[in-house]
Amino acid sequence: MTTITRNKMIEVRNSMNPEEVLTKEALLFLFSLHKEFNQRRKVLLENRQLEQQVFDKGGSPDFPKETRLIRESDWVVESIPADLQDRRVEITGPVDRKMVINGLNSGAKVFMADFEDACSPSWSNLMNGQQNLKEAVDQTISLEQNGKHYRLNEQTAVLVVRPRGLHLEEQNLEFEGVSASGSLVDFGLYFFHNWKTLIQRGTAPYFYLPKLEHYREAAWWNEVFNYAQEYVGLPKGTIKATVLIETITASFQLDEIIYELKDHIAGLNCGRWDYIFSYIKKMKNHSGFMVPDRDQITMTSPFMDAYSKRVIEVCHRRNILAIGGMAAQIPVRNDEAANDRAFAKVKEDKLREVKNGHDGTWVAHPALVPLAKAVFDEFMPTSNQLHLHRMAEVVTQEQLLELPQGAITEAGVRKNLNVGVLYLESWLNGTGAAALYHLMEDAATAEISRAQLWLWLQRSVVLENRRACTAELYREYLAEELMKIKSYVGPERFVSGKFDLAADLFLQMVSAAQLDDFLTLIVYPYIAQE
């Protein structure tokens, strides 16, 4: 569909166009965002590449010299909205209709509706997701499924939306022949359609910002927010954002990111798996750099512990909330002992977070909400922990970059191949949040899996079974893991699925001469038109 509006060419390259989402007015708003910010977004992406070249030549992430005064000055963010003061438990999930209803009804304080890592960005998923959120804000959303009726409770979680990262483009929407930014499409449609109703209901447009790598990217988002607010006549600072700290470079620029967004920021969040993926990506060419099996890299690993504590310290110094990481466990049916072990692991993780000073945490399944809430209720009886003045820990560059210790095993290689292919196949089929082996996985799991396999192959790592990581070994193990996957999903599902394509793509990426920036950029063309 091509339309001409105000002499500007806007092309929607897909027949699936919900009238309530892609209105003429909404498209004009997206076009104005595109004209104002898309070229600057591309410059930011070019800056990422230039910085990566420095790291590839032996440079390391560090605290920026030019912003030392910002880090050392005493300034704070003035206020956080009342409905974002208590965020002790947040639940996350994709924007399909059932998840939106269940997430808002989960009993969590916040539901993060995710257009990013938990969403396979097919056009139908994105457009239906926007429609679902619009109906959720209007409180009219409902669903009839398998004889059950789903509708919103009287009291629901606060809605926060995560748009796609800056690196992702939207191939189904072009402005004057240029693909739109996924970030601006997701942000723009949700903001434009819902700001007025949100304000009327005593809340506001709230967002989670993913995968920022530099404070200049935070400044870009701040300008987007200012522009959008001025476009519809809202006061500056109405929009509030929480930034996911899920890149190693961002952990060195926490003060700066907060400063650039100080009119709009409400908190920072620890995005664990993406953070480890970024750590590998940035440091991959350094002599002696290595990481063990991903199960051995936990929040108690020194570099992860330092990152988490630095987030807490900086957030509280600047008067914003520090939200902890994800508990991806889902209930284990028909195995009470296994379920108890999984829940005990979650409890231990949440105890560590609340005792360290986090103001809230993430879970992926409604069944974990009561468990996480009970931990935070016991050790955080107030809305948050901003009032507690702990002695600040000075986290150094060396601590943030310290190599994790552990072994690299055949089991670790096999698990990365198995789960990487399973997730990628799910993503290709339109499901971005996949329940795999009693964990709710998103794209970050596949990213760390492939980054580890790529690194181990490049370094010809010798496993504990004395076999070296080679392309041939990966092919051998992958063939065997595909048979396990067939048993896991069932023969009929295996035959009807896209497992051969997923396996081919995954093996290509882990065997490539250069580590691809993002898995989703490689795989997106296979689902873009769906």
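## How α17 meets its neighbours

Are α13 and α17 parallel or oblique to each other? In this predicted model, the two helices pack at an angle of about 125 degrees. Angles of 65 to 115 degrees count as roughly perpendicular and those over 145 as roughly antiparallel, with the rest oblique, so α13 and α17 come out as oblique to each other. Their axes sit 8 Å apart, and the crossing is right-handed.

On the α13 side (residues 410-428), the contact is built from Asn416, Leu417, Gly420, Val421, Leu422, Leu424, Glu425 and Leu428. Helix α17 brings Phe499, Leu501, Ala502, Ala503, Leu505, Phe506 and Met509 to that contact. Sorted by class, that gives 12 nonpolar, two polar and one charged residues.

## The α14 side

Helix α14 (residues 443-458) also packs on α17 (residues 499-511), here at an angle of about 50 degrees and with the axes 8 Å apart. That angle makes α14 oblique to α17. The crossing is right-handed.

What does each helix put into this contact? From α14 come Ala446, Ser449, Arg450, Leu453, Trp454 and Leu457, while α17 supplies Phe506, Met509, Val510 and Ser511. The tally by class is seven nonpolar, two polar and one charged residues.

## Nonpolar cores

Some background first: in soluble globular proteins, nonpolar side chains tend to be buried together. In this model, the largest nonpolar core has 157 residues. Which of them touch the most other members? Those are Leu173, Phe187, Phe191, Trp221 and Leu268.

Take Phe187 as an example. Setting aside neighbours within four places in sequence, Phe187 is in contact with Leu33, Pro163, Phe207, Trp221, Val224, Phe225, Ala228 and Ile239. There is also a second, separate core of 15 residues, with Ile80, Val110, Met112 and Val160 among them.

## Two histidines in loops

His286 lies in the loop between α8 (272-283) and α9 (302-317). Is His286 buried or exposed? Its relative accessibility is 13%, so His286 counts as buried. Leaving out residues up to four places away in sequence, His286 touches Phe55, Gly58, Gly59, Ser60 and Arg459. For a sense of scale, its C-alpha atom is 46 Å from that of Trp195, a residue 91 places away along the chain.

His438 is in the loop between β15 (434-436) and β16 (439-441). With 42% relative accessibility, His438 counts as partly exposed. Beyond four places in sequence, the contacts of His438 are Ala328, Gln329, Ile330, Pro331 and Val332.

## Positive phi

Most residues other than glycine have a negative phi. Against that background, His438 has a phi near 70 degrees, a positive value.

Where does Ser460 sit? Ser460 is in the loop between α14 and α15 (471-489), and its phi is positive too, near 50 degrees. Ser460 is partly exposed, with a relative accessible area of 42%.

How values were computed: Residues are numbered from 1 along each chain as its sequence is written. This is a predicted model: local features need pLDDT of at least 70, side-chain atom pairs count only at pLDDT 80 or more; totals for chains, interfaces and linings use all residues. Side-chain values use heavy atoms; hydrogens and water are left out. Axes are lines fitted to C-alpha atoms, for helices over the stretch in contact, and angles run from 0 to 180 degrees between N-to-C directions. Helices (H or I, at least four residues) and strands (E, at least two) are DSSP runs, numbered from the N terminus. Angles under 35 degrees count as roughly parallel, over 145 as roughly antiparallel, 65 to 115 as roughly perpendicular and the rest as oblique. A crossing is left-handed if the near helix is turned anticlockwise from the far one by less than a right angle, and right-handed if clockwise. Contact means heavy atoms within 4.5 Å. Ala, Val, Leu, Ile, Met, Phe, Trp, Tyr, Cys and Pro count as nonpolar, Asp, Glu, Lys and Arg as charged, and the others, Gly among them, as polar. A nonpolar core is a set of buried Ala, Val, Leu, Ile, Met, Phe, Trp, Tyr and Cys residues joined through side-chain atoms within 4.5 Å. Buried means under 20% relative accessible area, exposed over 50%, partly exposed in between (1.4 Å probe, protein chains only).
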